[in-house]
Amino acid sequence: MNAPPVLLGPISLDPKSEAPLYRQLYDQLRHAILDGRLPTGVRLPSSRTLAKELSVGRNTIVAAFEQLLVEGYLEARTGAGTQVAALLPESLLEVGGGAAKPADNPSPEDLLAGLSDRGRRMMGVQRVPTGYEKGQARAFQHGLPAIEQFPFGVWSRLLARRGRAVQGRHYDYHVAAGYEPLRDALATYLGAARGVVCKPEQIIITTGAQAALDLAARLLVDPGDPVWIEDPGYLGARGAFFGASADLVPVPIDREGLQIDVGLKRAPAPKLIYVTPSHQFPTGATMSIKRRLALLETAKQTGAWILEDDYDSEYRYVGRPLPALQGLDHAGRTIYMGTLAKVLFPAVRIGYLVVPEALIEPFTIAIRLTGQIAPAFLQAALADFITEGHFGTHIRKMRTLYAARRQLLIDALEKYGQGRLTMPETEAGMQLAAHLPDGIDDIELAKAAARHKVHTTPLSTYYLGGPSTKDRNALYLGYAAVADTEIPRAAQRLVAALDELS
Ligand SMILES: Cc1ncc(COP(=O)(O)O)c(C=O)c1O
């Protein structure tokens, strides 16, 4: 199928000018091609359409196009209209014609030097390359749900229904904080499943949990403010707080979660404390009730905000999950956040915040000003998905599937690894950390595994501070999205990589 014609930017033709109209049009199009505003391959509108848009005779357009065709700026293809030429003659670049010559152009390094300090720090939050290429087998990429298990038939029916029902409120600018029925549905779900105590108005719908992190960082943190973050911890959170020019304070994790006493020694007056208490990212530790209460007390004493990221709490396979911190907080210091990326699929880009009542207005204004508003018809379809029961059914189904896949992975690593890989006893989530034998470096093993077409993430890359310890020498392995048959095969390939380095 041909690409649609480009929407041309402003073209002004002056009938009083000495230059004929076709020449003015020719000059403006040529400049746009030379400075890249009209890139190669872009299709121009037809001469008839353009004549109408510019209120000139069609001959004017045809004359300008013909001149550009003759000079090699444009090319005409039967059935595909007139396009910007795929290969501009080299001499065109020399002509310049108002565009900067290559020698005058700043180098990419010069341009990067113009980044803000914040921007430079955000760029530092990147994965260590391990040689894994996109499109290779997915075992054991973390963070991915079993997308092919999602009930796309139901989902497309709900989307189509909302798409057909053209109601002004879905197609207009809508309530920035989110579509009310979705906020109602989430408030009910979070209350029942997670012990979150809130009114629907306290729920703010975002374009994913990452947007929730960004909004919280912008609204609650000033440049230079100390922010406690878990160490090891989620890189996306680190990036969002860098984006707010926060002073990041790494706080270590033990079996009970965040080591509050260490945090207080490092920065006694944190502005914000970021935690994943249900299932710590990436160690999998569940914060004990004692620690939860101590954390709430610390927030009260220091005046800090707590940002509770409950990113994958739906997936707990044994016992009942501990209720969210938010539900235990009587001082209104906790902001709860979650995502639908793990329950539905990552591309849905919908997450949510539960904010104390006093923060509803600031968050609503911030979401409007930052433009991180999820499309209303998508939110409406999602509300239907939840209230009609498909959400609960899908979670239950995935819980059983992921628990089985988790066990398959543990069994395969034990069988092929013969005790060389050890897995902590956590019974939750979509991924686990496999700890490595002495003398094997996790980054080197991840690189070797990539050569065997296994995607893994070295755990050490999630650490910010402190000396290197045995605890951090591990690979983070996602199993939820890997087919049952592939799990043992990929585990065997991973062990082959380990053998190579042993
Ligand atoms: C701990 C944690 N928080 C937040 C997110 C971001 O979720 P989203 O895809 O909704 O931006 C992720 C995604 O992997 C995560 O692991």
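Analyst: In this predicted model, the structure holds 2 cavities of 30 Å³ or more. Rolling a probe the size of a water molecule over the atoms shows where empty space is left.

The largest cavity has a volume of about 60 Å³. Its lining consists of His 279, Gln 280, Pro 282, Thr 283, Gly 284, Arg 406, Pro 424, Thr 426, Gln 431, Leu 432, Ala 433 and Tyr 476. By class, this lining divides into 5 nonpolar residues, 6 polar residues and 1 charged residue. Strand S11 provides the largest share of the lining of the largest cavity, namely 3 residues. Domain 2 (132-144 + 393-501) and domain 3 (167-388) each contribute at least three residues to the lining of the largest cavity.

A cis peptide bond joins Phe 281 to Pro 282, with omega at about 5°. Pro 282 belongs to the loop between strand S7 (272-275) and helix H13 (289-302). Pro 232 sits in the loop between strand S4 (226-231) and helix H11 (235-243).

The second largest cavity has a volume of about 50 Å³. It is lined by Arg 194, Ser 278, His 279, Asp 312, Ser 313, Tyr 315, Arg 316, Pro 321 and Ala 428. This lining holds 3 nonpolar, 3 polar and 3 charged residues.

The open spaces may be considered next. The second largest pocket has a volume of about 780 Å³. Among the 30 residues that line this pocket, Asp 254, Arg 255, Thr 283, Ala 285 and Pro 424 are the closest to its centre. Two elements give two or more residues to the lining of the second largest pocket, strand S5 (247-254) and strand S11 (431-435). S5 gives the most, with 3 residues. The lining of the second largest pocket is made up of 11 nonpolar, 10 polar and 9 charged residues.

The protein is divided into domain 1 (21-98), domain 2 (132-144 + 393-501) and domain 3 (167-388). Taken over C-alpha atoms, the centres of domain 1 and domain 3 are separated by 51 Å. The C-alpha trace of the protein spans about 85 × 55 × 50 Å along its principal axes. The protein contains 19 helices and 13 strands. Of its 502 residues, 50% count as buried.

At 1.5 Å a residue, the 13 residues of H7 should span 18 Å, and the end C-alpha atoms are 18 Å apart, which agrees. Val 154, Trp 155, Leu 158 and Arg 162 are buried in H7. These four cover an arc of only 100° around the axis, which puts them on the same side of H7. An α-helix has 3.6 residues a turn, so residues three or four places apart point the same way. Gly 153 and Arg 164 are exposed on the other side of H7.

Two loop residues complete the account. Gln 418 has a positive phi of about 45° although it is not a glycine, and its place is in the loop between helix H17 (390-417) and S11. Gln 418 counts as exposed because its relative accessibility is 67%, and the cut-off for exposed is over 50%. Lys 453 likewise is not a glycine and has a positive phi, of about 60°. Lys 453 is found in the loop between helix H18 (442-451) and strand S12 (457-458). With a relative accessible area of 44%, Lys 453 is partly exposed.

Note on methods: Residues numbered from 1 in each chain as written. Predicted model: local features only at pLDDT ≥ 70, side-chain atom pairs only at ≥ 80, totals over all residues. Heavy atoms only, no water. 1 Å grid on protein atoms, 1.4 Å probe; cavity = no way out; pocket = protein on both sides within 12 Å on 5 of 7 lines; lining within 4 Å. Points joined across faces, edges and corners; volume = space filled by probe spheres on them. Nonpolar A, V, L, I, M, F, W, Y, C, P; charged D, E, K, R; others polar. Domains from an automatic or database assignment. Expected span 1.5 Å × (residues − 1). Buried < 20%, exposed > 50% of the residue type's maximum accessible area, 1.4 Å probe, protein only. Arc of directions from axis to C-beta.
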